[in-house]
Amino acid sequence: MRIIVGITGGIAAYKAPELVRQLKKRGHEVRCAATAHALEFVTRPTLETVSEAPLYCDLFAGNAHGTEHISLKDWAELLVVAPATANIIGKAASGIADDALSTLLLAMAPERVLLAPAMNSQMWAHPAVQRNLQQLKAWGMRTVGPAEGALACGTNGPGRMAEPTEIADAVANGERKAVGGKWLVTAGPTYEKIDSVRFIGNYSSGKMGFALAEALAEAGADVELVSGPTHLTVSHPRIRRTDVESAREMYAAATALWPTCQGAILSAAVADYRPATQADHKLKKQGSDGMTLELVQNPDILATLGSSKQTGQRLVGFALETNDELQNAEKKLQRKNLDYIVLNSLRDAGAGFGVDTNKVTILSADGSRTESPLMSKREIARLIVQEVT
Ligand code: PMT
């Protein structure tokens, strides 16, 4: 994508070169525009070096007719203003164009603008700033952040500019389709109790499922995340989390939520078996003999959802395989009445349990296949969301 990064005069301007670097690393073509005050915080040579393009900061320099804002708006697919001060937000909401960047902002179609506000908390809370932002959003501008945290003025609170990675993610999201309705996601392992101190578990960390929940929420869905034991946390306000321990608890939570959901992605590594009995005390060693544990089957959550699937509901399963991967995944896709199955193989280095990366093949019920390279679980999650929604 062709992106202009517009920088205004706030301390967070020092992060602008890093944002430019990240956008370029993701394959975007980037140019910079800055206000005079922005250049008090970050220098022209820095911005021109990271963007590998001349900086736009003077309405008349390089173009005596002062029409560069028009050629730039024709060139750019997106204008990201980071940081966006209260001043530029106010100017944009009022249609004021008194320098290069504010003129460019007025020339751009609002839906092609992403603002990353950054200011002191009290300025952020001011009704004028909030009203101005509401107006800009109503016209179609998107915003990312601000975050809460320590501010340059020495206080703590909302007003910190979103990190360059989050801004680059928000840019990426703008290119993706939106997802509506409520989606169910299962994540993590299940623990099947043997006694009060031992259980049968597996190596799932929950990373894949949590990334899916975040990707769905980022795309606009309301997410019901049913998670087995994990240390992970969620931050997105559209994710509602239910913590469970065993397969039977996950089954109860997922089957109760399913009728209210438009779709479900079941990425949890659910134990197929549990001990037939669970002692409520610590089992003692019995002499020098071995010990036999009797196991009984757990309910199959995915198959249960598949058998009660209504028209319009989308059901996506995972398949973790070690051999005959495609054949096994295809069998599960059909047997469990799925729309898609996401296959990951433990034979692929960097894929599967615990790691931050994965490599998947998405098989659809209509026979299409999408193969991913090894990517971060966040990126894999976004790919899955784009494919299956
Ligand atoms: O959590 P991470 O460390 O990030 O690891 C991610 C992962 C490897 C756990 C994930 O990518 C993955 O592959 N999840 C599915 C693991 C699994 O149990 O696969 P399966 O082939 O045994 O199960 C097939 C499908 O049926 C899965 O969608 C599973 O959630 C579901 N299932 C299985 C058994 C059961 N009783 N109920 C189910 O719903």
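Q: Is R347 buried or exposed?
A: In this predicted model, R347 counts as exposed, because its relative accessibility is 61% and exposed means over 50%.

Q: Which residue meets R347 in a salt bridge?
A: The partner is E325, with N and O 2.9 Å apart. R347 sits in the loop between β17 (340-345) and β18 (357-358), and E325 belongs to helix α12, 22 residues apart, so that the pair links distant parts of the chain.

Q: And E325, is that one buried or exposed?
A: E325 is buried, with a relative accessible area of 12%. The cut-off for buried is under 20%.

Q: How many salt bridges are found in the whole structure?
A: A search finds 23. One of them joins E163 and K15, whose closest N and O atoms are 3.1 Å apart. E163 lies in the loop between β7 (156-160) and α8 (164-174), while K15 lies in the loop between β1 (2-7) and α1 (16-25), so this pair ties together parts that are 148 residues apart in sequence.

Q: How accessible are E163 and K15?
A: E163 is partly exposed, at 32% relative accessibility, whereas K15 is buried, at 9%.

Q: Now the ligand. Which residues come nearest?
A: Of the 27 residues around the ligand, those that come nearest are S204, S205, A268, K332 and N344. A polar side-chain atom of K332 lies 2.5 Å from an oxygen atom of the ligand.

Q: How much of the ligand does the protein bury?
A: The protein buries 95% of the 770 Å² that the ligand exposes when taken alone.

Q: What does K332 meet in a salt bridge?
A: The side chain of K332 meets that of E321, at 2.7 Å from N to O. E321 is in strand β16 and K332 in helix α12 (residues 325-335), eleven residues apart. E321 is buried, at 7%, and K332 is partly exposed, at 22%.

Q: Which element gives the most to the shell around the ligand?
A: That is β16, with four residues. Elements that each supply at least two residues are α9 (207-218), α11 (301-307) and β16 (314-321).

Q: What kinds of residue make up the shell?
A: The shell divides into twelve nonpolar, nine polar and six charged residues.

Q: Last topic: what domains does the chain have?
A: The domain assignment gives domain 1 (2-174) and domain 2 (182-278 + 291-388). Their centres, taken over C-alpha atoms, are separated by 39 Å.

Notes. Residues are numbered from 1 along each chain as its sequence is written. This is a predicted model: local features need pLDDT of at least 70, side-chain atom pairs count only at pLDDT 80 or more; totals for chains, interfaces and linings use all residues. Side-chain values use heavy atoms; hydrogens and water are left out. A residue is near a molecule or strand if one of its heavy atoms lies within 4 Å of it. A polar contact is a pair of N or O atoms within 3.5 Å; within protein, one must be able to donate a hydrogen and the other to accept it, and residues adjacent in sequence count only if both atoms are side-chain atoms. Accessible areas come from the Shrake-Rupley method with a 1.4 Å probe; for residues, only the protein chains shown count as cover. Ala, Val, Leu, Ile, Met, Phe, Trp, Tyr, Cys and Pro count as nonpolar, Asp, Glu, Lys and Arg as charged, and the others, Gly among them, as polar. Domain bounds come from an automatic or database domain assignment. A salt bridge is a side-chain nitrogen of Lys or Arg within 4 Å of a carboxyl oxygen of Asp or Glu. Buried means under 20% relative accessible area, exposed over 50%, partly exposed in between (1.4 Å probe, protein chains only).
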